[in-house]
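Welcome! Take a moment to look over the sequence and the 3D view, and then we will walk through a few places together.

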Amino acid sequence: MASRGGLPRRKPDLEFYLHRVFRKKSFRPLQREVIAAVVEGHDVFLQASTSFGKSLCFQLPAVISHGLTIVICPLLALMTDQVNSLQAIGVPVQTINSSTPLAERRLIMDDMLSGHPRTRLLYVTPELCQTDSFRRNLSTVHRQGQLTRIAIDEAHCISEWGHDFRPAYQELSWFRKNLDDPAVPITALTATATPRVRSDIITILGLNFAKLKLFNTPSARPNIHYEVRYLQNYDEDDDISPEDLRVQDLLTWLKAIKRRQEARIGADAAQRPPISGIIYVGLRATSEDLASRLDSEEMISAVAYHAGLTSQDRTRIQAMWTSPQPPQQRSDGKPPPIFSIIVATNAFGMGIDNSQVRFVVHWTPPRSFEGFVQESGRAGRDGRAAASLVYYNTQERDRIADRLMRDADNVRNRGGSKSHVAGLLKNQMARRESYQKVVRYCETVTKCRHALIKDLFGDYELEEMGSQQPPSIFGGARSDRLSPSASPCDYACDFCKEGSSGLAKRKGKMQAADALHGFMMDQMNELHQYYV
Ligand SMILES: Nc1ncnc2c1ncn2[C@@H]1O[C@H](COP(=O)(O)OP(=O)(O)OP(=O)(O)O)[C@@H](O)[C@H]1O
């Protein structure tokens with residue numbers, strides 16, 4: 001493990017820059033080790049949960065080093081966020097993207113090619129890196145000895161097996177092939193990558209195995225209690241709709257939390273800021289309906305968030321969310337809420353930072369396992385106890401599987417060159433495989449959910465590749481190495497709390513629950529037909 005002792009003799013004082021430039025008190029676990037490896041000039045692969053503080057792992061080295069660090073970022077909003085916060089603390093940073101005026105581009109390029117650039121970090125899109133003129137300029141900066149390193153954010157976008165495949169990312173292979181003698185070190189960062197995606201990142205970017213340092217945080221977060229809430233399948237004769245059933249169940253769960261809080265802190269409970277939670281739903285309409293329904297409850301303040309809102313509304317909700325206000329009397333005369341809930345589609349997430357989210361609920365099974373890990377990981381970023389709930393029944397399972405199947409049909413019927421269609425189909429297949437993992441996660445009642453997440457995500461393979469993890473009571477240990485009586489997650493999941501038979505009994509509410517095996521086989525066969 002890299003440590004203070006592992007740094008070169010005249011090692012930079014990382015803490016000094018952390019305090020002085022970035023105004024942070026201390027490194028988060030593992031951050032220092034990653035930064036030290038980057039500063040030492042290694043190729044670095046970092047897979048760390050949302051809000052780990054991955055950006056600091058290339059920003060701080062860029063501030064310490066001479067020369068220019070190029071940062072590749074897939075989203076304008078992410079880029080702007082990071083650039084604004086760096087500018088606010090006085091770091092010389094620039095960005096070239098679709099909205100950069102020509103005159104400003106010229107100034108940035110002039111500085112870049114000056115032989116001693118003032119700019120320390122230059123944020124660009126992967127598409128810009130494909131252009132001949134930018135590549136020529138980068139080669140010049142490299143020949144001048146001023147290209148210090150390349151940081152590739154959201155590196156999973158490189159892989160067709162990933163959930164956010166972006167073809168321009170694949171062309172980033174140009175860096176390693178062309179910027180050699182000496183090779184420019186590359187730092188690849190992602191929150192979510194399956195073993196196949198990881199392997200694509202390492203191979204396509206040409207990361208040097210001899211000099212590569214790998215780091216990861218466990219995909220399952222130790223402070224999150226993972227639970228699947230099984231719902232009975234709906235029958236037309238039922239007098240309660242699936243939606244009502246879920247709302248009822250959620251309200252019961254929230255009321256239990258409220259009671260526990262009142263028992264713990266008594267009358268002070270009303271003075272506390274509300275408990276924050278996110279409910280992820282599949283459709284904009286559901287987000288609107290559910291938010292207004294929950295908001296009508298006295299103990300809840302709820303708001304909808306989706307891509308159909310105006311940008312002013314989205315900004316207002318994000319601001320409210322990132323800096324929660326103390327309890328206030330509401331305009332309708334209701335007492336201050338105990339819970340503040342955002343009912344969101346997956347448009348809500350990236351770059352939105354609230355470390356105090358206490359629960360994340362998936363209203364229906366998530367469509368991808370990577371998405372699930374990322375979204376549930378928005379709970380408990382402050383390290384305190386939090387919960388992840390997934391509502392599940394086999395009807396919802398099959399409905400989503402059908403939708404994914406239709407997506408694959410659409411891709412096939414869309415036409416285009418053979419290789420283009422093959423690439424898209426590969427991506428569709430990856431999506432289906434990812435969804436199968438969601439199904440496996442939800443339907444397994446014989447294993448700790450933390451261990452299951454790590455299995456399904458391939459954490460153990462990273463361990464075997466020598467990846468460093470932050471110290472944790474169980475973060476690096478294989479569950480099957482523990483004694484059979486111990487709870488691998490310290491009772492932070494429904495399996496470890498209720499035991500296999502308790503869980504199986506709850507799952508038994510779904511008729512046809514035993515159809516998992518058949519479902520998996522059908523899915524595999526269909527996938528195979530598509531791919532061949
Ligand atoms: N050592 C630290 N101490 C305190 N705050 C930190 C530290 N490192 C990073 N942060 C803060 O944590 C927040 C999340 O950081 P960052 O955006 O880099 O996370 P990330 O790992 O890139 O997450 P995501 O996957 O969501 O992009 C930021 O507000 C950042 O300023």
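A polar contact is a pair of N or O atoms within 3.5 Å of each other. Keep that cut-off in mind as we go through this model, which is predicted.

**Around the ligand**

Which residues come nearest to the ligand? The ligand has 14 residues around it, and Lys24, Ser26, Ser51, Lys54 and Ser55 come nearest. By type, the shell around the ligand is made up of three nonpolar, seven polar and four charged residues.

Now try the cut-off on some atoms.

| Protein atom | Ligand atom | Distance |
|---|---|---|
| Ser26, backbone N or O | nitrogen | 2.9 Å |
| Gln31, side-chain N or O | nitrogen | 2.9 Å |
| Gly53, backbone N or O | oxygen | 3.0 Å |

How much of the ligand's accessible area does the protein cover? On its own the ligand has 640 Å² of accessible area, and the protein covers 74% of this.

**A span from the record**

An unreviewed UniProt entry lists residues 35–211 as "domain: Helicase ATP-binding".

**Aromatic rings**

Rings of Phe, Tyr and Trp count as a pair if their centres lie within 6.5 Å. With this rule, the model has ten aromatic pairs. One of them joins Phe16 and Tyr17, with 5.4 Å from centre to centre and 90° between the planes, an edge-to-face arrangement.

Another pair is formed by Tyr230 and Tyr392. Their ring centres are 6.4 Å apart and their planes meet at 85°, so this pair is edge-to-face.

Tyr230 has a relative accessibility of 3%, so Tyr230 counts as buried. Tyr392 is buried as well, because its relative accessible area is 1%.

Finally, look for Phe369, Phe372, Tyr441 and Phe457, which form one aromatic cluster.

Key. Residues are numbered from 1 along each chain as its sequence is written. This is a predicted model: local features need pLDDT of at least 70, side-chain atom pairs count only at pLDDT 80 or more; totals for chains, interfaces and linings use all residues. Side-chain values use heavy atoms; hydrogens and water are left out. A residue is near a molecule or strand if one of its heavy atoms lies within 4 Å of it. A polar contact is a pair of N or O atoms within 3.5 Å; within protein, one must be able to donate a hydrogen and the other to accept it, and residues adjacent in sequence count only if both atoms are side-chain atoms. Accessible areas come from the Shrake-Rupley method with a 1.4 Å probe; for residues, only the protein chains shown count as cover. Ala, Val, Leu, Ile, Met, Phe, Trp, Tyr, Cys and Pro count as nonpolar, Asp, Glu, Lys and Arg as charged, and the others, Gly among them, as polar. UniProt positions are given in the numbering used here, feature names are shortened, and annotations may be inferred rather than shown by experiment. Rings of Phe, Tyr and Trp (its six-membered ring) pair if their centres lie within 6.5 Å; planes under 30 degrees apart count as stacked, over 60 as edge-to-face and the rest as tilted. Buried means under 20% relative accessible area, exposed over 50%, partly exposed in between (1.4 Å probe, protein chains only).
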